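Keep the 3D view open as you read.

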Amino acid sequence: MSHCHNEAHAHAHGHSHGHGHDDHDHDHDEAPDSGLVHESLYQRIDHDNVTCLNEAEPDSGRSVLKPWHEKMDDTKIVESDADEQLIFRIPFTGLVKLKSISLRTDAGESAPRKMKAFINKDDLDFDNAESTVPTQEWDLVEDPHGQIAEYSTRVAKFSSIRSLSLFFSENFGGDTTKITFIGLKGEFSELKRDPIITVYELQANPADHKIPGINDILGHEVD
């Protein structure tokens, strides 16, 4: 089945597209400049609350949400446990407009073959992932060289995101699925807090609200 693969082209990225940032040990994601690296949403992820369902090692899922300059690091990897499926729940510290999802996966049959994305769906799990309509889905590229593949989103559907859930439903034939890097790019805005409006309820004092002539009229009617 062909999903959104034709509309969201996958682009393989090697070292030549890293602009030399792999050789530096400081975090370029903090830089305010515009450009490919600086659209990274790494700093905007609420890493402490990222969860990964069906991960073989606890907290290994959150470890692959790395800064861009660590994208080729193979020391942190997530591998599925009971079967080939993985679900990531990724909350943000504000509102995000997501432009693309970059992946680096296993170079063999343990690479994921399908990816579905859901926005603001915090309760996504294996019981409802198959029956829930995704915001977008992709057929993933099988890359024998283990390079970065970037998948564009339909940006109009990926605005005002508080959390992103990714469902990797199948791979290329392996017993488990392996992912070494997930990178998110887009725009970020702080959550706007509603102003606290204090309403002072004043108890009316009739003596303060005398209207000229009204007491005389009322008194006259009573008489």
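Let's begin with one arginine. R104 has a relative accessibility of 9%, so this residue counts as buried, the cut-off for that word being under 20%. Buried as it is, R104 has a charged partner: D74 forms a salt bridge with R104, and their closest N and O atoms are 2.5 Å apart. This pair links distant parts of the chain, as D74 lies in the loop between α1 and β3 while R104 belongs to strand β4, 30 residues apart. Please bear in mind that this is a predicted model.

**Salt bridges**

The count of salt bridges comes to nine.

| Salt bridge | N to O distance |
|---|---|
| D59 and R62 | 3.6 Å |
| K114 and D139 | 2.5 Å |

K114 and D139 are a pair to look at next. K114 is in strand β5 (residues 114-119) and D139 in strand β6 (residues 136-139), so their bridge ties together parts that are 25 residues apart in sequence. Both K114 and D139 are buried. Some bridges also share partners: E39, K99 and E187 are joined in this way into one network.

**Aromatic pairs**

The structure holds three aromatic pairs. One of them joins W68 and F181: the ring centres are 5.8 Å apart and the planes stand at 70°, so the pair is edge-to-face. W68 sits in the loop between α1 (60-63) and β3 (78-79), and F181 in strand β9 (residues 178-189), so this pair ties together parts 113 residues apart in sequence. Both W68 and F181 are buried.

F88 and F168 form another edge-to-face pair, with 5.9 Å from centre to centre and 85° between the planes. Here too distant parts of the chain are linked, with F88 in strand β4 (residues 86-105) and F168 in strand β8 (residues 161-168), 80 residues apart. F88 and F168 are both buried.

**Nonpolar cores**

Which residues touch the most other members of the largest nonpolar core? Of its 29 residues, these are F88, L166, F168, I182 and L184. Strands β4, β5, β7 (148-152), β8 and β9 each supply at least two residues of this core. The largest share, eight residues, comes from β4.

I182 gives a view of these surroundings. Leaving aside neighbours within four places in sequence, I182 is in contact with V64, L65, K66, F88, I101, S102, L103, L166 and F168. A second, separate core has five residues, among them I87, F118, L124 and F167.

**Confidence**

How far does the predictor trust this chain? The average pLDDT is 81, and 69% of the residues score at least 70. Over residues 1-36 the pLDDT is below 50, and in the model this stretch has 65 contacts beyond near neighbours in sequence.

Definitions and conventions
Residues are numbered from 1 along each chain as its sequence is written. This is a predicted model: local features need pLDDT of at least 70, side-chain atom pairs count only at pLDDT 80 or more; totals for chains, interfaces and linings use all residues. Side-chain values use heavy atoms; hydrogens and water are left out. Rings of Phe, Tyr and Trp (its six-membered ring) pair if their centres lie within 6.5 Å; planes under 30 degrees apart count as stacked, over 60 as edge-to-face and the rest as tilted. Helices (H or I, at least four residues) and strands (E, at least two) are DSSP runs, numbered from the N terminus. Buried means under 20% relative accessible area, exposed over 50%, partly exposed in between (1.4 Å probe, protein chains only). A salt bridge is a side-chain nitrogen of Lys or Arg within 4 Å of a carboxyl oxygen of Asp or Glu. pLDDT is the predictor's confidence in each residue, from 0 to 100. Contact means heavy atoms within 4.5 Å. A nonpolar core is a set of buried Ala, Val, Leu, Ile, Met, Phe, Trp, Tyr and Cys residues joined through side-chain atoms within 4.5 Å.
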